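User: I am new to reading protein models. Please take a close look at one part for me, and then show how the rest is put together.

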Amino acid sequence: MRYMALCPGSSCDGVPAGDLEWFKIDEEGYTNGQWPNDRLLPSNEWAQSFNLPTDLPGGNYLLANHMLAMHTVGEPQFYPVAFQIALESDGTVDPQPKG
């Protein structure tokens, strides 16, 4: 699952991630007999490609990728990774839902 949040001001530096309004931009699931993790392992690079929404307003965003692994029933393992991006866009859409 991938989420984005618009940061106030000119940078995301020092902004508590929990104070931002996050919205989902993408997710992958079980497809053609494989989980997303299974598709990553053969490459041994753990590289993923996805498209950013094209209608968002420009600005500084945090983008978070959350990988969920279910190796043991009832004990999900979360592998979050986040990074800051500067999006250049003339878009005007305010994505929903947020939370």
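Is methionine 70 buried or exposed?

Analyst: Methionine 70 is exposed, because its relative accessible area is 52%. The cut-offs are simple: buried means under 20% relative accessible area, exposed means over 50%, and partly exposed lies in between (1.4 Å probe, protein chains only). A word on the source: this is a predicted model, where local features need pLDDT of at least 70 and side-chain atom pairs count only at pLDDT 80 or more, while totals for chains, interfaces and linings use all residues. Residues are numbered from 1 along each chain as its sequence is written, and side-chain values use heavy atoms, with hydrogens and water left out.

Now place the residue. Methionine 70 sits in strand β3, residues 57-72. Strands are DSSP runs of E with at least two residues, helices are runs of H or I with at least four, and both are numbered from the N terminus. The protein has four strands and one helix. Along the sequence they come in the pattern β-β-α-β-β.

Together with Leu68 and Phe78, Met70 makes a nonpolar patch of about 320 Å². Patch residues have over 30% relative accessible area and no salt bridge; nonpolar side chains (Val, Leu, Ile, Met, Phe, Trp, Tyr) are joined within 5 Å, like charges within 9 Å. The areas come from the Shrake-Rupley method with a 1.4 Å probe, and for residues only the protein chains shown count as cover.

Next, look inside. In soluble globular proteins, nonpolar side chains tend to be buried together. Here the largest nonpolar core has eight residues: Met4, Phe23, Ile25, Leu56, Tyr61, Leu63, Ile85 and Leu87. Strands β2 (22-26), β3 and β4 (75-90) each give two or more residues to this core. A core is a set of buried Ala, Val, Leu, Ile, Met, Phe, Trp, Tyr and Cys residues joined through side-chain atoms within 4.5 Å.

Isoleucine 25 shows who meets whom. Beyond neighbours within four places in sequence, isoleucine 25 is in contact (heavy atoms within 4.5 Å) with residues including Met4, Phe50, Leu52 and Leu63. Among the protein's contacts between residues at least 6 apart in sequence, 58% join residues at least 24 apart.

Side chains of opposite charge can pair when their charged atoms come close. This structure holds three salt bridges, each a side-chain nitrogen of Lys or Arg within 4 Å of a carboxyl oxygen of Asp or Glu. Aspartate 26 meets arginine 2 at 2.1 Å, N to O. That pair links strand β2 to strand β1 (residues 2-6), 24 residues apart. Arginine 2 is buried, because its relative accessible area is 1%. Aspartate 26, at 22%, counts as partly exposed.

Arginine 2 also pairs with glutamate 28, with the closest N and O atoms 3.0 Å apart. Glutamate 28 lies in the loop between β2 and α1 (36-40), 26 residues from arginine 2. At 35% relative accessibility, glutamate 28 is partly exposed. Shared partners join Arg2, Asp26 and Glu28 into one network. The other pair is lysine 24 with glutamate 27, at 2.8 Å between the closest N and O atoms.

Finally, step back. The C-alpha trace spans about 40 × 25 × 25 Å along its principal axes. Of the 99 residues, 25% count as buried.
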